[in-house]
Amino acid sequence: MKQLLQITLLLLTQFYLFHLTHAVDSARTIQIINDSGRRVDIHWIHPQTGEMVLQSTPDVLNGASMDLNSYVSHTFQVRELPAKKSGVCGGENEECRVDHFTVNQNVDQIVFVRERVEVEHTD
């Protein structure tokens, strides 16, 4: 019984160390540069539930940038926010425009939010 417990603890330790190392290996820094002419916010999309988790507090102004720490394969939504004066967005029928990007394997990634809130992901 004692030997079984030791083997179980060894396997659990190896499992934990593998996942800890993998998390560190997949960590990435992303710089988001907003050149859209509009305010935007950034949400992480939970891969299992689809829940949107706000990452930009309160928002990313036009001309501003935001640094984000994340992991390979994480997907984010960039969403246009309504203009403060008019209360409307610049999309068709005054709808707020949305685009997405996914963190890839490359280190030091840059995401540009261009006009019409179109994402350009460079490595």
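This report walks through a sheet, a nonpolar core and a disulfide in a predicted model.

Residues are numbered from 1 along each chain as its sequence is written. Because the model is predicted, local features need pLDDT of at least 70 and side-chain atom pairs count only at pLDDT 80 or more, while totals for chains, interfaces and linings use all residues; side-chain values use heavy atoms, leaving out hydrogens and water.

**The sheet**

Let's start with the strands, which are DSSP runs of E with at least two residues, numbered from the N terminus. Two of them pair if DSSP finds at least two bridges between them. Here, four strands make an open sheet in the order 4-1-7-8, and the pairing is mixed. At the edges sit strand 4 (65-71) and strand 8 (118-122), each pairing on one side only. On average, neighbouring strands of this sheet are turned by 25° against each other, direction ignored; the axes behind that angle are lines fitted to C-alpha atoms, and angles run from 0 to 180 degrees between N-to-C directions.

Strand 1 (residues 27-34) runs parallel to strand 7 (residues 109-114), with five bridges between them. Ile33 has Phe112 of strand 7 as its bridge partner, and Asn34 stands opposite Val113.

Strand 7 is also joined to strand 8 by five bridges, but this pair is antiparallel.

**The core**

A nonpolar core is a set of buried Ala, Val, Leu, Ile, Met, Phe, Trp, Tyr and Cys residues joined through side-chain atoms within 4.5 Å. The largest one has 16 residues, and those touching the most other members are Ile30, Ile32, Val40, Ile42, Phe76, Val78 and Phe101. Strand 2 (40-45) gives the largest share, three residues.

What does Phe101 touch, leaving aside its neighbours within four places in sequence? Its contacts (heavy atoms within 4.5 Å) include Ile30, Ile32, Phe76, Val111 and His121.

**The disulfide**

There is one disulfide, a term that means a pair of cysteine sulfur atoms within 2.5 Å. Cys89 and Cys96 form it, with their sulfur atoms 1.8 Å apart. The torsion about the S-S bond is about 50°, so this disulfide is right-handed.

Buried means under 20% relative accessible area, exposed over 50%, and partly exposed in between (1.4 Å probe, protein chains only).

| Residue | Relative accessibility | Class |
|---|---|---|
| Cys89 | 5% | buried |
| Cys96 | 29% | partly exposed |
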